[in-house]
Amino acid sequence: MGQSCPIGVLVGVYDVIKGYEDAVRSIVPEMFSLIQVRYRVLQMIDASGPIGRRVLIDSLQLSEREVRNETALLKEQNLIEMTQKGMISTEYGRVILEQLKPLFQELSGLKAKETTLSSILGINKVIIVPGDLETDHSVSTLLGKEAVTLLMDLAKKNNDVAVTGGSSVAALANHLSPVKSLNTLRFIAARGSIGEELENQANTLVAEFANKCKATYRTLYFPEYLSEQAYELMLEEPKVKEMLEIYDNIDLVIHGIGTAKEMATRRNTSSEIIDLLKTSKAVGEAFGYYFNESGQIVYRINTIGIQLEQVKSSPNIIAIAGGANKAKALNAYFKNAPKQTVLITDEACANRIIEGL
């Protein structure tokens with residue numbers, strides 16, 4: 001069954017014709033585009049299943065006929081299953097996805113863009129998923145899946161993993177499981193509450209991540225936004241000192257990157273500070289630091305949480321952010337970001353940065 005699947009031998013076929021792509025495109029122009037369409041359909045079903053045809057149509061911008069034909073073929077090849085709740089990928093489908101991933105990244109141009117973007121930002125590595133999170137929220141599922149795959153590759157036994165809040169980081173939850181590489185981790189809240197929805201706060205996420213992985217966690221129940229006086233007093237608290245020591249020796253950081261306007265709103269920032277951010281032309285935020293387009297820190301909140309200096313000392317850092325609207329924020333932050341960071345983003349955001357914003 002699996003051995004005779006046409007999609008399953010595409011990697012071998014591509015290896016044979018590699019170097020002759022232009023000639024193959026001339027005589028069989030539909031071949032490479034068809035591979036990309038089928039891969040994207042299977043990828044979306046695997047990441048978001050159970051999923052219905054309507055979601056695929058809307059997310060992938062395909063016609064109803066295309067989706068019906070492609071899903072019928074994938075089912076025939078035992079790559080997906082039809083259930084009452086929707087379509088899901090099979091174990092064989094997931095194997096094929098992994099085998100075809102390098103081929104898809106090459107054919108779609110994403111591999112070249114990853115190399116270009118990592119050079120522009122001056123960081124270790126970039127992983128790009130197709131789509132635009134700004135207009136298609138299902139892209140967050142792909143971002144979350146890539147982040148978990150990377151986490152499993154980087155994490156070592158008994159590592160401490162600092163986690164910030166936010167919807168992009170929250171997307172990891174659906175892909176975590178108690179595998180051997182994750183069940184000894186300790187997830188650490190990287191910041192306190194910032195007034196956002198409870199489900200996206202760092203304290204909530206570390207508890208959820210630990211539960212999914214059968215691991216352990218530490219929370220940080222302090223307000224993120226403090227006055228100068230309150231901040232100085234908090235630094236003397238034993239619990240705070242203990243957390244700061246953990247941050248000093250953190251093994252891996254998982255964080256998001258926000259636009260300055262978005263983060264100021266979520267923090268219920270005062271009108272005076274908002275005016276300051278506008279005057280200083282802040283465009284991005286991470287770890288309580290606001291950056292202008294040149295990457296200069298124009299404002300920093302008094303917060304009990306992991307500091308940028310502590311992030312920079314961590315050997316492994318995963319940054320997750322997508323959507324064309326995040327391009328300026330990413331470009332600003334990465335002028336200060338640790339070089340060992342791996343960025344996971346989407347194609348729309350990558351395109352905006354590569355094209356010079």
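How many aromatic pairs does a search of the whole structure find? That was my opening question for the notebook, and the search returned five. I keep in mind throughout that this is a predicted model.

**Entry 1: Phe 187 and Phe 209**

I started with the rings of Phe 187 and Phe 209, whose centres are 5.8 Å apart. Their planes stand at 80°, and a pair counts as edge-to-face over 60, so I wrote this one down as edge-to-face. I then looked up where the two residues sit. Phe 187 belongs to strand β5 (residues 186-189) and Phe 209 to helix α10 (residues 202-213), so I noted a link between distant parts of the chain, 22 residues apart.

**Entry 2: Phe 291 and Tyr 333**

Next I turned to Phe 291 and Tyr 333, with ring centres 5.7 Å apart and planes at 75°, which makes the pair edge-to-face. This pair also links distant parts of the chain: Phe 291 is in strand β10, Tyr 333 is in helix α16 (residues 327-333), and 42 residues separate them. I checked burial again. Phe 291 counts as buried at 0% relative accessibility, and Tyr 333 is buried with a relative accessible area of 0%. Which residues form one aromatic cluster here? I found Phe 291, Tyr 333 and Phe 334 in it.

**Entry 3: the sheet around β10**

I read off four strands in the order β8-β9-β10-β11, forming an open sheet with antiparallel pairing. Which strands stand at the edges? They are β8 (258-259) and β11; each has a single partner strand, so one side of each is left without a neighbour in the sheet.

I followed the pairing from one end. Strand β8 is joined to strand β9 (residues 282-286) by two bridges, and the two run antiparallel. Within this pairing, Thr 259 stands opposite Gly 284 in β9.

At the other end, β10 (residues 289-292) and β11 (residues 297-300) pair in the antiparallel sense over three bridges. Tyr 290 has Tyr 299 in β11 as its bridge partner. I also looked at the hairpin of β10 and β11, which has four residues between the strands. There Gly 295 takes a positive phi near 90°.

**Entry 4: Asp 346**

I moved on to a charged residue, Asp 346, which lies in strand β13 (residues 341-346). Beyond its sequence neighbours, Asp 346 touches several residues, including Ile 128, Val 129, Gly 131, Val 139, Ala 321 and Gly 322.

**Entry 5: Leu 142**

My last stop was Leu 142, in helix α8 (residues 139-154). Leu 142 is buried, with a relative accessible area of 4%. How far apart in space are Leu 142 and Ala 47? I noted 6.3 Å from C-alpha to C-alpha, although they are 95 residues apart in sequence. Leu 142 touches Ala 47 too, and I listed other contacts, among them Arg 40, Gln 43, Met 44 and Pro 130. Val 129 turned up in my contact notes for Leu 142 and for Asp 346.

Terms used: Residues numbered from 1 in each chain as written. Predicted model: local features only at pLDDT ≥ 70, side-chain atom pairs only at ≥ 80, totals over all residues. Heavy atoms only, no water. Contact = heavy atoms within 4.5 Å. Pairing = 2+ DSSP bridges. Buried < 20%, exposed > 50% of the residue type's maximum accessible area, 1.4 Å probe, protein only. Phe/Tyr/Trp six-rings, centres within 6.5 Å; stacked < 30°, edge-to-face > 60°. Lists of a residue's contacts leave out its neighbours within four places in sequence.
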